Amino acid sequence: MKKTAILLAITSAFSVNAIADGFSGGIELDAKFGDNGQKLYETSNGSGIKAFVGYEGFGLSAKRKANFENEYNVNYKYDFENFWLKGEYEFVDKKSVQTDAGVHGQLNDQNKFGVTVGGNVADLFDTSLRLRKDTDLNSSNGSERSNVYRFDLAAGKQVTERMYLNAKLVGQNQRNKDVIKTGDKNKDTIYNVELRATFTAIDNLIPYVEIGNEGQFGNDKRNTYGKVGVVFPF
């Protein structure tokens, strides 16, 4: 309750100036848990808090995860007559992430470059396709550098006045097989599926729930997870 009260106070404090200047933005909280034993806000599951702002197609965001990972994203979206195009760059700072032994600095930082094209199909549903390249930096820790090519294919629709439903297929291919430390190095491609329901009829509050199923490089193991989140827009 205290965290929610603080966030609402922050968004209220900035909302007047933000709207007056033509900016948009907000704060997002999410928590993810899976059938592999992960609990809410466990350091390995990606739960976190994100702040984001936008202005005339330009967007900036910063996210702090429960595993002490920091994500910084800059993007630009341009609307054409029948579709839109978005380019993005994201830097992932993993210097503070702890290993299982409690040691910092054992993971490489990452650069992520992506481009997304999207639009609406015959006024029936929204769709988009994102292509992204996730490349590890040489962080001088001796770790193998991951090199992943990824696509996100999504479709969404406002199914009721109160709910927007979105489904996504995510494919990832690991080009550096030496990163796969256990199992079969030839199992270098995985596919994940996601289904999210966003509730759109609440003023100043956008909650969502998500379920998904994720693969794992090197073997056939999969994890079914749940995620809950809320966005406080301003």
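The legends below describe close-up views of a predicted model. Local features need pLDDT of at least 70, side-chain atom pairs count only at pLDDT 80 or more, and totals for chains, interfaces and linings use all residues. Residues are numbered from 1 along each chain as its sequence is written, and side-chain values use heavy atoms, with hydrogens and water left out.

**View 1. The aromatic pair Phe151 and Tyr191.** Rings of Phe, Tyr and Trp (its six-membered ring) pair if their centres lie within 6.5 Å; planes under 30 degrees apart count as stacked, over 60 as edge-to-face and the rest as tilted. The count by this rule is six aromatic pairs. In the pair shown, the ring centres of Phe151 and Tyr191 are 6.4 Å apart and the planes stand at 55°, so the pair is tilted. Phe151 belongs to strand 8 (residues 147–158) and Tyr191 to strand 10 (residues 189–199), so the pair ties together parts that are 40 residues apart in sequence. Strands (E, at least two residues) are DSSP runs, numbered from the N terminus. Phe151 has a relative accessible area of 25% and is partly exposed; Tyr191, at 45%, is also partly exposed. Buried means under 20% relative accessible area, exposed over 50%, and partly exposed in between (1.4 Å probe, protein chains only).

**View 2. Lysines over aromatic rings.** A charge sits over a ring if NZ of Lys or CZ of Arg is within 6 Å of the ring centre and within 35 degrees of the ring normal. The charged end of Lys32 is placed over the ring of Tyr225, 4.4 Å from its centre. Lys77 lies over the face of Trp84, 4.5 Å from the ring centre.

**View 3. Asp136 in strand 7.** Strand 7 covers residues 125–136. A polar contact of 3.5 Å links the side chains of Asp136 and Asn108. Such a contact is a pair of N or O atoms within 3.5 Å; within protein, one must be able to donate a hydrogen and the other to accept it, and residues adjacent in sequence count only if both atoms are side-chain atoms.

**View 4. Lys63 in strand 3.** Lys63 lies in strand 3 (residues 58–65) and is buried, at 13% relative accessibility. Its side chain makes a polar contact of 3.0 Å with the side chain of Asp30.

How values were computed:
Helix = DSSP H or I, 4+ residues; strand = E, 2+ residues; numbered from the N terminus.
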